[in-house]
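The entries below follow the order in which I looked things up.

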Amino acid sequence: MADKTSGKDGSKGSEKKKHIPLGLPSPPILRQPISLSHESHMLALEDIFSDCSDVVFRNVKISSEVEGLLVYIEGIVNSTDIQDHMLRPLIRGLIEQRTDEPAAPLDDTRIALTQVKKVDTWADAADGVLESSALLLINGSKEAWLFNVKGGVRRGVEEPQTESVIRGPREGFTETLRVNTALLRFKLKTPALKMLSMTIGTETKTNVVLTYIDDIADPKLIKDVKKRLNKIKIDGILETGYIEELIEDHPYSPFPQMHYTERPDTVAGNLLEGRFAIFVDGSPFALIAPVTMWQMLQASEDYYERFFISNLVRWIRFLFVAIALFLPALYIAITTFHQDMLPTTLILSIAGAREAIPFPALVEALIMELSFEALREAGVRLPKTVGQAVSILGALVIGQAAVQAGIVSAPMVIIVSMTGIASFTIPRFNFAITVRLLRFPIMLLAGALGLYGIVIGLVLISVHLTQMTSFGVPYLSGLSPYSKTDTKDIVIRTPWWKMIHRPSTVHRDQQRMNDKINGSPEAEEGW
Amino acid sequence: MVLIHKRRAVAILLLCTIFISGCWDRKEINDIAFVIGLAIDKEKDNYRTSLQIALPGQSGSAGSEGGGGGTSGDKSWFMLSNTAKTLRGTSIEGQKALSRELYYAHRRTMLIGEELARDGVAPMLDLLTRYPLNRLSALPIVTRGSAYKVLDTDAPIEKFPSEMVRELCFLNMRKPRSLKTFTDAILSEGVDPFLPVASTADNVPSNWKDVKTNIKLDGIAIFKKDKLVGMIEKAPADALILAMGEANEPEVMVKAPRGNGDVFIKLNENNSSLHPHVANGKVTVTIKLYAKGVMVDNESNYGDLRDQEMMSLTQALHQKIEEDIKEGVRLIQKQYPADILGLGRSIHQQIPKEWKKIKDRWDDIYPDVKVIVEPHIIIENVGVINKPIGLQEEDIVHD
């Protein structure tokens, strides 16, 4: 789908309007090679970085005769590195230099930094400076040096905010790409863990890393992803969300086709099952694909707790997904179409509670669901200190005052709060939003057609889900198409010693475990 | 591209149908009158239907604050009674006097007045079984006298008197007769229908203050086809229900084998089967009754509960049950005669060849069928104490 749409857009553009090259017009100086003299260096850089107050120019003497110019951007470099490992050796060299000896040529042995690069065009030099390097220009030399002195204040590794667990690692990704890749490398100490780097975004020049395990992931899949990533032409990538929307299979589907996580262990687990992950510099999230719907209902903790507990929790989640999607619709359908379906006492108490309510059940449900969604949204956006006040206000207004005023009925409050709780049991936030979203059309269907409408909604959703793919993998795979080994991790989470095979979405190296592992009852028999 | 547009157009058109067709049988819950109970009587040539309609605003549920209002009595229901030539006519009449739509799906009992039952219930069964909101699982009950009087009792323990009748039926029988089984019995050969009988009663002697009218189930109504032929009292009725294996944990009072007073045995698990035998045109049916008994009360001074003595207690129990059942069977065989036990059906099912020969004469044969009762009861629990607790040692009768 993504391919088709981009192709379509391209053809349309060429037909109707003149092709405009992507990106800002660059100053002509960038296309020139680095000049020789100190003065021309100054002029060129002032041209490139005009009105950039954060760029620092500093004159240095490399030897008594040779002048140099050090350029870097304040704040994104590590000033201590520049002081200790660049300026200090240079100055010491200057002091120790005897006047009678010719100046020692500058080479990387004199600078105590690991990543050093020579460049000879202004464009490369400017890019280096923008990517946290220090640029050293030498009077009379056509080559400039780039020293990697990456630094600046970034957030440290903290506990993930969106995916907290009871049992499991507590470290989460940060905004720094290399920290994230390092966190992953700590977990997967194998040369087969590949990290393909590419730069996307003409202005942001965001570093994007595609990571996978070479022997496990399907090479065709990786080729496909690389192709899709290379097709992206955009001015900036600020979050993984940009990439997700630009490369997914079904841009018009409400269902997420990639999932994002803050947890290195989740990424590692998925890579071991043959999926790939995409890191974007500046985002504490990693995108993971291909995914199935079942994965959206699994938390990393499912695999860390013993399988009894995991199964209980997983079934509760399945139940509550159904509740989150259908409960308000069922309530509407039953109270307005199928009053014969409830026990007499229950229907009478609902009828009693609804006696003074001025709205039909559908309108009542829509009012409540919308105010709940608003409350939730307000809770996310507001500063933490105000958030408390909002939740109290919401609970009082919606929970109690509305019932006492006879605007909504008490059973509806119960239904809406049940639904609210249910939607928070879904471990993947993007899937939870989908469920919340689909709840509304199903409610409308139920209000118009009763249970028949709910069934229509269910059928439409099922049809959509069965034909959906995520990077070529059927969204319901395991169940449709059916695979016996895959079902071991769908409805139930079998114990680890039973999950001998990787999911069938990967095509090579399926077995992940010795099938007679110590401790499993099967192995015990032989002892 | 054209294909995609076409598909989209089709999809949008299909979606439209949902909203065009929608809502035609939508009924808001507060536009519905829930009929909870129904009493049908005969009044001269007319039917009188009394509907018991729930008042949800007055049902005192926690969520009904702000709702309902009004202090028109503390009852959570009201009666709506109408007469018409036909049964359906009565509900049409009733609807004329009601701003909410009558909704029958929650009506789980149906009281039939004695007089109407004697005239035959067949004409009204069609409406009660054809219209889907009338449940076939509803329990029909015959009342002594007029049905609306039973429906209009206070019955303070339940929210609705109709609900009370229903609960009583379930206490009385394991599987109370529903409209379905009742109709089935009318139509089947070799079995005659019966229904429980309900009547009004006072909760305390009527000269006390604060008397409330209550409902009790006493006996069963015997039908011949669809017509009521008579009612039998509580005691033989219970024995007959036990013979059908339908009794819900009945307690049997047995005279103690020695000493004075009675012992109560509760038959926890009881089951029965009919075994017909036809020889030379003479029909014998054996009722085998299997049960496990628990001694719940010993009001006698009989104190020895050793194994041997248990045998004689069991003997006494067997004898008592046999007598009771035989008495009941004698009533239905000679007095009415109606085959509510389904003796004919047992022949039909077990020896169909013989049934073909006798089925035309069954009504004549039935009163003279020999019924043998064979109880097999094991008394399992005699309680944790083995002697009557309120008696001195010397007053207890031993061997």
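Entry 1, the domain contact in chain B. I began where the two domains touch, and found 20 residues of domain 1 of chain B in contact with 23 residues of domain 2 of chain B. I keep in mind that this is a predicted model. I then asked which elements give two or more residues to the domain 1 side of this contact. They are α6 (161-172), β8 (213-224) and β9 (227-232) of chain B. β8(B) gives the most, with six residues. Sorted by class, the domain 1 side that touches domain 2 of chain B has nine nonpolar, five polar and six charged residues.

The domain assignment of chain B gives domain 1 as 29-60 + 73-232 and domain 2 as 233-384. Taken over C-alpha atoms, the centres of domain 1 and domain 2 of chain B are separated by 31 Å.

Entry 2, a sheet in chain B. I followed four strands that form an open sheet with mixed pairing, in the order β10-β11-β12-β13 of chain B. Which strands are at the edges? β10 (251-255) and β13 (370-381) of chain B are, each pairing on one side only. Direction ignored, neighbouring strands of the sheet are turned by 40 degrees against each other on average.

Inside the sheet I checked one pair in detail. β11 (residues 262-279) and β12 (residues 282-298) of chain B pair in the antiparallel sense, over 16 bridges. For His275(B), the bridge partner in β12(B) is Thr286(B).

I counted 18 helices and twelve strands in chain A. Of the 527 residues in chain A, 34% are buried. Among contacts in chain A with a separation of 6 or more, 65% come from residues 24 or more positions apart. Chain A is divided into domain 1 (28-148), domain 2 (177-291) and domain 3 (311-474). I noted 35 Å between the C-alpha centres of domain 1 and domain 2 of chain A.

Entry 5, strands in chain A. I started from β1 (residues 55-61) and β2 (residues 67-73) of chain A, which run antiparallel and are joined by seven bridges. How many residues lie between them in the hairpin they form? There are five residues between β1(A) and β2(A). Within the pair, Arg58(A) stands opposite Leu70(A) of β2(A).

I then followed β2(A) to another partner. Four bridges join β2(A) to β4 (residues 133-138) of chain A, and these two strands also run antiparallel. The bridge partner of Leu69(A) in β4(A) is Leu137(A). I stopped the entries here.

Notes. Residues numbered from 1 in each chain as written. Chains lettered and ligands numbered in written order. Predicted model: local features only at pLDDT ≥ 70, side-chain atom pairs only at ≥ 80, totals over all residues. Pairing = 2+ DSSP bridges. Axes fitted to C-alpha atoms, helices over the stretch in contact; angles between N-to-C directions. Domains from an automatic or database assignment. Contact = placed C-beta atoms within 7 Å. Nonpolar A, V, L, I, M, F, W, Y, C, P; charged D, E, K, R; others polar. Buried ≥ 20, exposed ≤ 12 C-beta atoms within 10 Å, placed from the backbone.
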